[in-house]
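Hi there,

Here is the structure I promised to pass on. Have a look at it first, and my notes follow below.

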Amino acid sequence: MKDLTDLYRGYGDDRLPPGQRETDRFPVLSKSGTPSWTPEEWTFEVWGAVSDPLAYTYEEFRDLPAETHLQDFHCVTGWSKFDCQFTGVPFAEIVDRAGVREEAEHVMFHSLDGYTTDLSLSECLEDGVLFAYDYDGEALPGDHGGPLRVVTPQKYAYKGAKWVTGVEFLTEPERGYWELRGYSDSANPWAEERYS
Ligand SMILES: Nc1nc2c(c(=O)[nH]1)N[C@H]1C(S)=C(S)[C@@H](COP(=O)(O)O)O[C@H]1N2
Ligand SMILES: [Mo]
């Protein structure tokens, strides 16, 4: 297991970002409820500025090299949950497999509920960005984005798309669902980048 709970040291003095309170619960936050979705009908696709577009079934995805991380989770609405154990495929693994082209700069995550969120490619390659399918050693619950979600411990959690169905590599920045509606594009919790 990789312990990333000291990742905050690169951003600030305190593990708890300013203006956040710690909770032991794991609240659910979704723009429009939990879509019904089973691993059997799920495919995960990678397209855009790549030389090898990818498509995986859930089984195939679970066979990719994976890591288990201990990491913190910060919601822009003010709660933080420490010590979340996520297992999944590091973003960099997908970049390698898709042969992401040199001109790719930005990334858009797409989800079953129509949610999107964006990050720069370099931010996605930071330690801790995972396509996670297990939480605390068990299949990720549907409310929390199962069968597959993204986690971004260095960002507010709206950067982590639940029910993720694909990743699009872009040659120029574009903004996702909340980013278009006033939330910060950079979303650094230690700089309290909540709104833009
Ligand atoms: N597909 C999808 N992903 C999403 C959201 C959403 O509404 N749809 N909400 C985001 C927000 S605002 C947060 S805080 C986290 C919440 O994750 P949780 O419900 O597991 O706590 O998911 C993010 N990912
Ligand atoms: Mo959020």
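Contact here means heavy atoms within 4.5 Å. One thing to keep in mind while reading: this is a predicted model.

Let me start with phenylalanine 169, which sits in strand β12 (residues 164-170). Its relative accessibility is 2%, so phenylalanine 169 counts as buried. Setting aside neighbours within four places in sequence, phenylalanine 169 is in contact with Val46, Trp47, Gly48, Ala49, Val50, Phe91, Val95, Val100, Ala104, His106, Val107 and Leu121. Phenylalanine 109 is 60 residues away from phenylalanine 169 in sequence, with 8.9 Å between the two C-alpha atoms.

Now to the charged side chains. The whole structure holds 12 salt bridges. One of them pairs glutamate 123 with lysine 155 at 2.7 Å, N to O. Glutamate 123 belongs to helix α3 (residues 121-124) and lysine 155 to the loop between β11 (149-151) and β12, so this pair ties together parts 32 residues apart in sequence. Both glutamate 123 and lysine 155 are buried.

Aspartate 185 lies in the segment after β12 and lysine 159 in the loop between β11 and β12, so parts 26 residues apart in sequence are tied together. Lysine 159 counts as buried because its relative accessibility is 0%, while aspartate 185, at 22%, counts as partly exposed.

Aspartate 185 forms a salt bridge with arginine 175 as well (3.9 Å, N to O). Through shared partners, salt bridges join Lys159, Arg175, Glu179 and Asp185 into one network.

Definitions and conventions
Residues are numbered from 1 along each chain as its sequence is written. Chains are lettered from A and ligands numbered from 1 in the order in which they are written. This is a predicted model: local features need pLDDT of at least 70, side-chain atom pairs count only at pLDDT 80 or more; totals for chains, interfaces and linings use all residues. Side-chain values use heavy atoms; hydrogens and water are left out. Helices (H or I, at least four residues) and strands (E, at least two) are DSSP runs, numbered from the N terminus. Buried means under 20% relative accessible area, exposed over 50%, partly exposed in between (1.4 Å probe, protein chains only). A salt bridge is a side-chain nitrogen of Lys or Arg within 4 Å of a carboxyl oxygen of Asp or Glu.
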